[in-house]
Amino acid sequence: MKNTVISGTGLFVPPNQITNDELVDAYNRYAEAFNQQNAEAIAAGTVESVPFSSSEFIEKASGIRNRYAMHKDGMLDIERMRPRFPATSEHSEPEVVTMGLAAARDALAQAGIQASDIDLVIVTTTNNQRPYPSIAVEIQHKLGCSGYAYDMGIACSSATFGLIAASNAIKAGSARNALVVNPEFCTPQVNLKSRDSHFIFGDVATAAVIQAEDEATASPAFRIVNTRQQTLYSTNIHCLGNYSDHCQENSAEDRPLFHQEGRKVFKELLPLVTNFIEGQLHDNQLSPDDLKRYWLHQANINMNQFAVKKLLGDLSDPQRAPIVLDEFANTASAGSMIAFHRYHDDFAVGDKGLICSFGAGYSIGSLLVERCT
Ligand code: CO8
């Protein structure tokens with residue numbers, strides 16, 4: 001069976017930054033206005049007051065300082081508290097396509113191949129803006145790729161599962177050169193009126209070119225040495241809204257939004273993740289110290305530090321598991337790929353690392369990679 005490599009990656013950073021202070025200021029103005037408008041009902045105990053948020057809490061509890069948004073307009077407007085942008089139509093380009101195309105072009109340039117050489121496009125994301133026609137087919141068409149394309153998604157592990165699907169297609173002989181596009185347009189799904197989750201997500205897109213090792217010409221290229229996937233059902237992170245909502249008489253306003261039991265996720269998922277990584281390394285005759293870098297999922301800095309401490313025993317070298325969530329916030333499945341894209345240039349041929357995602361599903365996906373050229 002053929003070896004496969006990651007021969008190029010790309011990153012699209014949306015044009016609008018939103019700091020914690022800006023977000024908290026808008027949220028707190030919203031909370032104050034709500035509490036004033038509902039003062040009597042709150043005093044009577046029939047309506048709950050809205051608690052205030054703080055930048056200090058957000059940074060301490062999550063490590064997040066900033067996020068990027070495709071559409072800042074509306075997000076900080078207390079009468080609206082959601083981004084403002086036109087609905088998708090047959091004649092307009094959805095954000096996920098715009099974002100995905102930019103990241104894809106970056107990845108193709110780094111891999112040094114033409115779009116026409118790509119014969120498989122996978123668009124893999126937590127939230128797609130349209131069920132059909134497939135977003136991947138639009139991106140395939142607009143780039144001028146050949147072959148076939150499809151959409152997939154498994155929330156936080158969409159990017160890693162997409163990379164693994166592409167690698168498997170090449171190994172099976174059903175594609176030669178694959179493009180995995182990972183647009184995470186998260187901000188429309190955030191409940192900006194919820195203190196517990198208003199700060200968590202930002203928008204971004206990543207992309208990667210996967211090729212058979214004997215087809216790739218780029219340097220650096222990273223051989224995919226081993227992959228592993230695991231899913232375990234949990235509703236602790238969920239979104240319930242879907243196409244059948246319009247059949248319900250009183251569909252709740254927050255059904256299409258993100259919900260989580262953050263504490264439970266933290267406690268339940270971390271032991272699964274560290275066991276999963278230790279098991280994968282053990283089965284590849286490696287110990288955690290043998291890896292130069294861990295490009296981990298970027299949901300919460302405390303989660304990543306816990307995992308690194310469990311695996312390596314110390315936290316003294318931040319380069320072992322770089323953090324990007326301080327700048328990008330949680331970008332659903334894209335976080336580990338942003339970290340890989342930003343932090344791999346210092347690898348020598350033979351150095352190994354692990355790209356690992358974990359989150360909703362629950363889902364865990366990882367690729368053990370080794371620089372080969
Ligand atoms: N400001 C001030 N105080 C606050 C705030 C706030 N914004 N929020 C909570 N507090 C208070 C609480 O009221 C509580 O007060 P008290 O102790 O008096 O009760 C105190 O702070 C502690 O609250 P929590 O227990 O809720 O806080 P935690 O320390 O647990 O931190 C986190 C909350 C940051 C959410 C943390 O639990 C966490 O990050 N958990 C892991 C979450 C995780 O990994 N989730 C996965 C995310 S899903 C994903 O990655 C992608 C899938 C879905 C994509 C969707 C795209 C939109």
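A cavity is a set of points, on a 1 Å grid over the protein atoms alone, where a 1.4 Å probe fits but cannot get out. The model shown is predicted: local features need pLDDT of at least 70 and side-chain atom pairs count only at pLDDT 80 or more, while totals for chains, interfaces and linings use all residues. Residues are numbered from 1 along each chain as its sequence is written, and side-chain values use heavy atoms, with hydrogens and water left out.

View 1. The structure holds 1 cavity of 30 Å³ or more. The largest cavity contains about 30 Å³ of space, a volume being the space filled by probe spheres set on grid points joined across faces, edges and corners. Its lining (residues with an atom within 4 Å of a point) consists of Ile-6, Ser-7, Gly-8, Thr-9, Gln-110, Pro-220, Phe-222, Phe-340 and His-344. Strand β1 (residues 4-12) gives the most to this lining, with 4 residues; strands (E, at least two residues) and helices (H or I, at least four) are DSSP runs numbered from the N terminus.

**View 2. Helix α10.** Helix α10 spans residues 335-342 and is largely enclosed by the rest of the structure, because 7 of its 8 residues are buried (under 20% relative accessible area, 1.4 Å probe, protein chains only). The buried residues are Gly-335, Ser-336, Met-337, Ile-338, Ala-339, Phe-340 and His-341. Phe-340 is also one of the residues lining the largest cavity.

**View 3. The second largest pocket.** A pocket is an open set of grid points with protein on both sides within 12 Å along at least five of seven lines. The second largest pocket holds about 260 Å³ of space. Of its 17 lining residues, Ile-301, Gln-305, Pro-318, Ala-321 and Ile-323 lie nearest its centre. Helix α8 supplies the largest share of the lining, 4 residues.

**View 4. Helices α7 and α8.** The axes of α7 (residues 262-283) and α8 (residues 301-312) come within 10 Å and cross at roughly 35°; axes are lines fitted to C-alpha atoms over the stretch in contact, with angles from 0 to 180 degrees between N-to-C directions. On the α7 side the contact (heavy atoms within 4.5 Å) includes Val-265, Phe-266 and Leu-269, and on the α8 side Met-303, Phe-306 and Leu-311.

**View 5. Ile-200.** Ile-200 is found in the loop between β6 (177-184) and β7 (204-212). This residue is buried, with a relative accessible area of 7%. Leaving aside neighbours within four places in sequence, Ile-200 is in contact with Ile-64, Phe-258, Gln-260, Ala-329 and Asn-330.

Notes
Buried means under 20% relative accessible area, exposed over 50%, partly exposed in between (1.4 Å probe, protein chains only).
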